[in-house]
Amino acid sequence: MRSRWRFPLAVALLASSLLAGCATSSAATDFVASGPPAPLPRGGVLTDASVEDFEAILVGARGRPVVVNVWASWCPPCRSEAPLLERAANDFEGEVVFIGVASRDRRGAAEGFMDRYELSYPNLLDTSGDIRSALGMRAFPTTYVFDRDGRIIAADVGGVSEQTLAAQLEDSLGS
């Protein structure tokens, strides 16, 4: 009886460890923002943005680490991590730039999400999905950490923990 459970249990453990390994990667994509710089949009407001606008904002933020969280209002893990991202944005204010990107979402639903979680950092609305595609995003949510030079140094797929984000931010500030 006991041996009947060994194979399914082994398969389940292997699958969960493979999924966990995919959840966080230290080097996400080859994405590097280029073009002329643009200032950050106002915080707490949802701003329409093309991929060119997004790149210009990232170029304008060079010199500071940047956290980009791609989310959707319908995504349960996005709801779970929104409060921790808001806390981190407040804790690292002036040192790290935080940008949210609502994608595959309707404006009204995304604005409701921002209100519900009192997101004070700038958020962009990616109506075309081009920002999501440029970043090589695989799943909602994904949080990207860019270093001071605009290179992606981490991508957390499916949700980021407070400890992981804090470690990534400390690493990015030390570079």
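Read along the sequence, the protein chain follows the pattern α-β-β-α-β-α-β-α-β-α-β-β-α, with six helices and seven strands. Helices (H or I, at least four residues) and strands (E, at least two) are DSSP runs, numbered from the N terminus. The model is a predicted one, in which local features need pLDDT of at least 70 and side-chain atom pairs count only at pLDDT 80 or more, while totals for chains, interfaces and linings use all residues. Residues are numbered from 1 along each chain as its sequence is written, and side-chain values use heavy atoms, with hydrogens and water left out.

Of the 175 residues of the protein chain, 43% count as buried. Buried means under 20% relative accessible area, exposed means over 50%, and partly exposed lies in between (1.4 Å probe, protein chains only). The protein chain exposes about 9,100 Å², of which carbon and sulfur atoms supply 55%. These accessible areas come from the Shrake-Rupley method with a 1.4 Å probe, and for residues only the protein chains shown count as cover. Among contacts (heavy atoms within 4.5 Å) in the protein chain with a separation of 6 or more, 72% are between residues 24 or more positions apart.

Several strands are paired, a term used where DSSP finds at least two bridges between two strands. Strand β3 (residues 66-71) runs parallel to β4 and is joined to it by six bridges. In this pairing, N69 has G100 of β4 as its bridge partner. The chain passes from β3 through α3 to β4 in a right-handed β-α-β crossover. A crossover is right-handed if, with the strands pointing away from the viewer, the path from the first strand over the helix to the second runs clockwise.

Strand β4 (residues 97-103) is in turn joined to β5 by four bridges, and the two run parallel. Here V101 stands opposite L124 in β5, and S103 stands opposite D126 in β5. A right-handed β-α-β unit is formed by β4, helix α4 (residues 107-116) and β5. Strand β5 also runs parallel to strand β2 (residues 46-48), with three bridges between them; L46 has N123 of β5 as its bridge partner.

Strand β4 is mostly covered, with seven of its seven residues buried. V97, I99, V101 and S103 point one way from β4, and F98, G100 and A102 point the other way. In strand β5 (residues 123-126), N123 and L125 point one way and L124 and D126 the other way, and all are buried.

The largest nonpolar core has 52 residues, of which V68, F98, L135 and L165 touch the most other members. Helix α3 (residues 76-91) gives the most to this core, with six residues. A nonpolar core is a set of buried Ala, Val, Leu, Ile, Met, Phe, Trp, Tyr and Cys residues joined through side-chain atoms within 4.5 Å. Leaving aside neighbours within four places in sequence, V68 is in contact with F54, L58, I99, V101, L135, T142, T143, Y144 and F146.

N69 counts as buried because its relative accessible area is 4%. The side chain of N69 makes a polar contact with the side chain of T143 at 2.8 Å. A polar contact is a pair of N or O atoms within 3.5 Å; within protein, one must be able to donate a hydrogen and the other to accept it, and residues adjacent in sequence count only if both atoms are side-chain atoms. Not counting residues up to four places away in sequence, N69 touches E81, L85, I99, G100, V101, P141, T142 and T143.

P141 lies in the loop between α5 (130-135) and β6 (142-146), and the peptide bond from F140 to P141 is cis, with omega near -20°. R104, in the loop between β4 and α4, has a positive phi of about 55° although it is not a glycine. R104 has 55% relative accessibility and therefore counts as exposed. E118 is placed in the loop between α4 and β5; its phi is near 50°, a positive value in a residue other than glycine. At 61% relative accessibility, E118 also counts as exposed.
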